[in-house]
Amino acid sequence: MSLRKPTKALPNMAEADIAIVRIAPESSFKNKAYDALKEAILKMDIYSTPEPVMLDERALSERLGVSRTPIREAIAMLEQDGFVKTVPRRGIMVVRRTKSEIVDMIRAWAALESMAARLITTTARKKDITALRDFFKDFGKDRLPEDHVEEYSKANIAFHQALISLSESPVLVDLTNDLLLHVRGYRQLTIGRKDRTATSLPEHLGIIEALEARDTELAEKRARDHTLGLAAYVEAHGQELFT
């Protein structure tokens, strides 16, 4: 008969001593206000006029249905993130970038979007790439973009955001979100200029063709060159865009 060795009793597992602070209700209001205000700011077209875009604390409080305390806290967070600036005796101003800062941002977007194009050629489904053509199906020789600038501008913005999304890279999405407010604003400003509108559609279709062909190097180059063209235009004509 074999003898079994007595099993040792397992030591009692101590519960992890984690320093968790109970979330205060007002904290969640602050975070919700921050998320709501940031989303609203990102949807603004802050470059459509040379006049500064101002926010009113009381109006924001009423619109969001919360007290002014979480609004102030959310504004402080947005100011730290660089979205707004509190101006003494004037109020809360949505921050606009200088021409040189915008050019730098557009160049950064060009790098990120060209990487998105590279990823799309290797991972995206054929039907999703083909669907990019839908953004421009209403435009062509019989319906020129320059004759329907507002409609084409929306398609233009949606197309560029779709490219980033189709990369399926959360990092690229997060990085471009920080640039979106400013790059989108200048895309909208410049698309109405005839010399930009005339080249925009052929370049967009060229990017799609390269993606459909799974030509990684060409798709990357066309996406990068297209957006670098915007950077060059803003650098050359930035001061004229509000006149």
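A polar atom of the Thr190 side chain lies 2.9 Å from the backbone oxygen of Tyr186. The Thr190 side chain also reaches the backbone oxygen of Arg187, here at 3.3 Å. These distances come from a predicted model. Thr190 belongs to helix 7, which covers residues 170-191. The relative accessibility of Thr190 is 2%. Thr190 therefore counts as buried, since the term applies under 20%.

The largest pocket holds about 190 Å³ of space. Two elements each give two or more residues to its lining: helix 1 (25-42) and helix 2 (57-64). The lining of the largest pocket consists of Ala36, Leu37, Ala40, Ile41, Met44, Leu55, Ala59, Leu60, Arg63 and Leu64. By class, 9 of the lining residues are nonpolar and 1 is charged. No polar residue takes part in the lining. Arg63 is one of the lining residues, and arginine falls in the charged class.

Aromatic side chains were considered last. A pair of aromatic rings is described by the distance of the centres and the angle of the planes. The structure holds 6 aromatic pairs. One aromatic cluster is formed by Phe135, Phe136, Phe139, Tyr152 and Phe159.

Conventions: Residues numbered from 1 in each chain as written. Predicted model: local features only at pLDDT ≥ 70, side-chain atom pairs only at ≥ 80, totals over all residues. Heavy atoms only, no water. Helix = DSSP H or I, 4+ residues; strand = E, 2+ residues; numbered from the N terminus. Buried < 20%, exposed > 50% of the residue type's maximum accessible area, 1.4 Å probe, protein only. Polar contact = N/O pair within 3.5 Å; in protein donor to acceptor, adjacent residues only side chain to side chain. Phe/Tyr/Trp six-rings, centres within 6.5 Å; stacked < 30°, edge-to-face > 60°. 1 Å grid on protein atoms, 1.4 Å probe; cavity = no way out; pocket = protein on both sides within 12 Å on 5 of 7 lines; lining within 4 Å. Points joined across faces, edges and corners; volume = space filled by probe spheres on them.
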